[in-house]
Amino acid sequence: MHELAGVKIGGSNPLRIMGIINTSPESFYKKSVFTDKPTISKVSKLMEEDGADFIDVGGMSTAPYVKTLVSEEQEIKRITSAIGSIQKVSKLPISIDTCRAKVAKAALQLGAEIINDVSGLKYDKNMVDVLEEYRPSVIVCAFSNDLIKGNLVTQTRKLINQSVTMALKSGVPKNKIIVDPAIGFFRQKAQGILFTKINSDWLQRDISVLKNLNKIKDRYPILISISRKSFIGKILDEPDPTDRIYGSLAAETFAALNGADILRTHNVKATSDVIKIVNSLKNLKKGL
């Protein structure tokens, strides 16, 4: 049975929720940004009350379509401050959204239990050493430094398997690995550095992946992060992430019905309601 920081994932277990706290003002959805300690404490406590199973903290935006790179020192300062603020009011496991080994290590030293690496452990060669030392739970995203061609569902699974192999070689137990197909991170061009280059339509890639989650997840539970993302804005013609709540909930419902095991979201209460309805309908269908 797989787990994330001791929380059972996949199989007959409930679909889990990961709430997002960004400490990076450059993040694409400004209403997810919280920089002062009292607000972070308040928001994290509310997330716990609203049904979150984990809190994911980011100290540097990884949105591929904007330049958001900050120094490691700045990222460490942001996430360590947030970790302390969360721990004062909540016992939820803390995940750190980072691709940098020094940042991951600083977070793990303070009690964070999950590393969520959008580069699939491929950006910083020292990340595997940190995993070997601490053996945390790990979320690995599909990622490549090279141009990806061909069937993008098949290629996504291949890239994920590469990162899973890296995590296993570092000593992370198989049951502590979760995979993420990286919705929004496959692009033809981008300003940031954390994206996978493709020569086909990125919107169709993301839609195809969501339709084929069970082909991608294979032996590992899958986390889906689609809240307010650009593919929703593209479909709805809504350039402002603030106006994408209904689209986000529809996409999350689709993901839940297609095999997602964890939903990473800005909208914990609304997503929690979605999951309750989905689970109730699933259970009703089984009972007929």
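Predicted model: local features only at pLDDT ≥ 70, side-chain atom pairs only at ≥ 80, totals over all residues.
Figure 1. A182 is placed in the loop that runs between β8 (177-180) and β9 (186-187). Although A182 is not a glycine, its phi is positive, at about 65°. Most residues other than glycine have a negative phi.

**Figure 2. Residue D237, in the loop between α8 and α9.** D237 occupies the loop between α8 (230-236) and α9. Its phi is positive, about 60°, although D237 is not a glycine. D237 counts as exposed because its relative accessibility is 64%, and the cut-off for exposed is over 50%.

Figure 3. Helix α1 covers residues 37-50, and at 1.5 Å a residue its 14 residues should span 20 Å. I40, S41, V43, S44 and M47 are the buried residues of α1. G51 follows the helix and has a positive phi, near 115°.

**Figure 4. Surroundings of T23.** T23 is found in the loop between β3 (16-22) and α1. With a relative accessibility of 4%, T23 counts as buried. Neighbours within four places in sequence aside, T23 is in contact with F34, T35, I40, V57, G58, G59, R78, I79 and A82. One of these contacts, I40, is also among the buried residues of α1.

**Figure 5. Helix α4 and its buried face.** In helix α4 (residues 127-134), the buried residues are M127, V130 and L131. Viewed down the axis of α4, these buried residues fall within an arc of 100°, so they line one face of the helix. The cover over the buried residues of α4 includes α3 (101-109), β6 (114-117) and β7 (137-141). R135 follows α4, and its phi is positive, near 50°.

**Figure 6. Helix α5 and the elements that cover it.** The 18 residues of α5 should span 26 Å at 1.5 Å a residue, and the end C-alpha atoms are 26 Å apart, which agrees. The buried residues of α5 are L152, V153, Q155, T156, L159, I160, S163, V164 and A167. Among the elements that cover these buried residues are β7, β8 and β9, together with β10 (196-197), α6 (202-211) and α7 (213-217).

**Figure 7. The nonpolar cores.** The largest nonpolar core has 75 residues, and I224 and F231 are those with the most contacts inside it. Helix α5 (residues 152-169) contributes the largest share of this core, six residues.

**Figure 8. Contacts of F231.** F231 is one of the two residues, with I224, that have the most contacts inside the largest nonpolar core. Leaving aside neighbours within four places in sequence, F231 is in contact with I183, W202, L203, D206, L210, I226 and A251.

**Figure 9. Arginine side chains over aromatic rings.** The charged end of R187 sits over the ring of W202, at 4.1 Å from the centre of that ring. W202 is also among the contacts of F231. For R205, the charged end sits over the ring of F186, and the distance to the ring centre is 3.6 Å. The number of aromatic pairs in the structure is zero.

**Figure 10. L194 and V118.** L194 lies in the loop between β9 and β10. Its relative accessibility is 5%, so L194 counts as buried. Along the sequence, L194 and V118 are 76 residues apart; in space, their C-alpha atoms are 7.5 Å apart.

**Figure 11. A250 in helix α9.** A250 is part of helix α9 (residues 245-257). A250 is partly exposed, its relative accessible area being 48%. The C-alpha atoms of A250 and I20 are separated by 18 Å, and the two residues are 230 residues apart along the chain.

Note on methods: Residues numbered from 1 in each chain as written. Heavy atoms only, no water. Helix = DSSP H or I, 4+ residues; strand = E, 2+ residues; numbered from the N terminus. Expected span 1.5 Å × (residues − 1). Buried < 20%, exposed > 50% of the residue type's maximum accessible area, 1.4 Å probe, protein only. Core = buried A, V, L, I, M, F, W, Y, C linked by side-chain atoms within 4.5 Å. Contact = heavy atoms within 4.5 Å. Phe/Tyr/Trp six-rings, centres within 6.5 Å; stacked < 30°, edge-to-face > 60°. Lys NZ or Arg CZ within 6 Å of the ring centre and 35° of its normal. Arc of directions from axis to C-beta.
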